[in-house]
Amino acid sequence: MTDRIPRLGIGGPVGSGKSMLIERIVPVLASRGYSISIISNDVISKEDADRMRKNLATDRGLLPENLVIGIATGGCPHTAIREDPSINISVIEEIEEKHPELDLIIIESGGDNITTTFSPSLADYFIYIIDVAGGDKYPRKGGLGIESCDLLVINKIDLAPNVGADLGVMEQDALRIRKDKPYVFVNCKNNIAINAVSEHIIRDLLFDSQPKVTLPGKGSK
C-alpha cells in the first residue's frame, strides 16, 4: 500500500479558467521539481483533458501523457467529486499504485453551481475559481464553493473595466464572506499572480516538502 499522494481539487463554473489555471501552475510546480498527475472530470467529453495533455505533456514535456486522465462522468460532475467520488478514487488508487513517486494529484471538475465542493475523501485542498466576467456581485453570492474552499481564485481581472466590475467591491465581499480564508486575484492568460497561487499550494498542501524525486534539469527547493 502506497502513501496517499496529496490531492488538490479545483472547481468552478464553466469558462472560469480551471484548465488554464492548471496549465499555469503546473510549470511553476514542475520548475520546483514536483511531479504531478491531472484528472479532469466532465459529463460526456474529455476535451479539457485532451487540451491539457497536448499543452503540458505533448508540447512542453512537463509530465507524461498517461498522467493526464479524462473522466466522462455521464452525469453531473459534482456527484463524482462529492456525493459518490468512487470513480475518481478508483483512478487515484491506480495512479498511486503505479506512480508512488508523484508529489501531487490535481482533480478538476466544473459546472455552473456555486455549491460545488469536493468530498474530504477525495481532495485534501480545494481551490474554487470564479471570473470577473460574472460581475462584481459574484463573491457576495456566497455558496459552499466560495465560502468553504481553502483558496478562492478570482480570474480575468483584466476584464473588469469592460464589464463594469469593481475589484475593490469584490475584495471587500471576499473578505466578508470568507473571513480569514485566503483569496487571490489573477489573470491566468497573462500569468498574473500565478506564483501566489502556486505558493499557497506548496505551503498549505505540500507543507513545503521537498519533491520525492529530483529530475535532471529540474530545480528543487
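Which elements do the buried residues of helix 1 pack against?

## What you're looking at

This is a predicted model, where local features need pLDDT of at least 70 and side-chain atom pairs count only at pLDDT 80 or more, while totals for chains, interfaces and linings use all residues. Residues are numbered from 1 along each chain as its sequence is written, and side-chain values use heavy atoms, with hydrogens and water left out.

## The whole chain

The chain's secondary structure comes to 8 helices and 7 strands. Here helices (H or I, at least four residues) and strands (E, at least two) are DSSP runs, numbered from the N terminus. With a radius of gyration of 17 Å, close to the 17 Å that the globule rule gives for 221 residues, the chain is as compact as a globular protein of that length. That radius is taken over C-alpha atoms, and the rule is 2.2 Å times the number of residues to the power 0.38. Along its principal axes, the C-alpha trace spans about 50 × 40 × 30 Å.

Of the 221 residues, 51% are buried. Buried means under 20% relative accessible area, exposed means over 50%, and partly exposed is in between (1.4 Å probe, protein chains only). Contact means heavy atoms within 4.5 Å. Take the contacts between residues at least 6 apart in sequence: 77% of them join residues at least 24 apart.

## Helix 1

Helix 1 covers residues 18–31, which makes 14 residues, and reaches 20 Å from its first C-alpha to its last. That's close to the 20 Å expected at 1.5 Å a residue, where the expected span is 1.5 Å times one less than the number of residues. The helix is mostly covered, with 11 of its 14 residues buried. Among them are Lys18, Ser19, Leu21, Glu23 and Pro27.

The buried residues of helix 1 pack against strand 1 (7–12), strand 2 (36–42), helix 2 (47–58), strand 4 (104–110), strand 5 (125–131) and helix 8 (194–205). Following helix 1 is glycine 33, whose phi is positive, near 100°.

Leucine 21 sits in helix 1 and, at 0% relative accessibility, counts as buried. Leaving out residues up to four places away in sequence, leucine 21 touches Ile10, Ile127, Ile129, Cys188, Ile194 and Val197. Leucine 21 and asparagine 187 are 166 residues apart in sequence, but their C-alphas are 9.0 Å apart in space.

Glutamate 23 is also in helix 1, and at 6% relative accessibility it counts as buried. Again setting aside residues up to four places away, glutamate 23 touches Arg51, Met52, Asn55, Leu56 and Arg60.

## Before and after helix 8

Most residues other than glycine have a negative phi. Asparagine 191 has a positive phi of about 65° although it is not a glycine. Asparagine 191 lies in the loop between strand 7 (183–185) and helix 8, and is partly exposed at 44% relative accessibility. Alanine 193 lies in the loop between strand 7 and helix 8 too, with a positive phi near 70°. At 25% relative accessibility, alanine 193 counts as partly exposed.

Glutamine 210 is partly exposed, with a relative accessible area of 46%. Glutamine 210 and alanine 193 are 17 residues apart in sequence and 23 Å apart in space, C-alpha to C-alpha.
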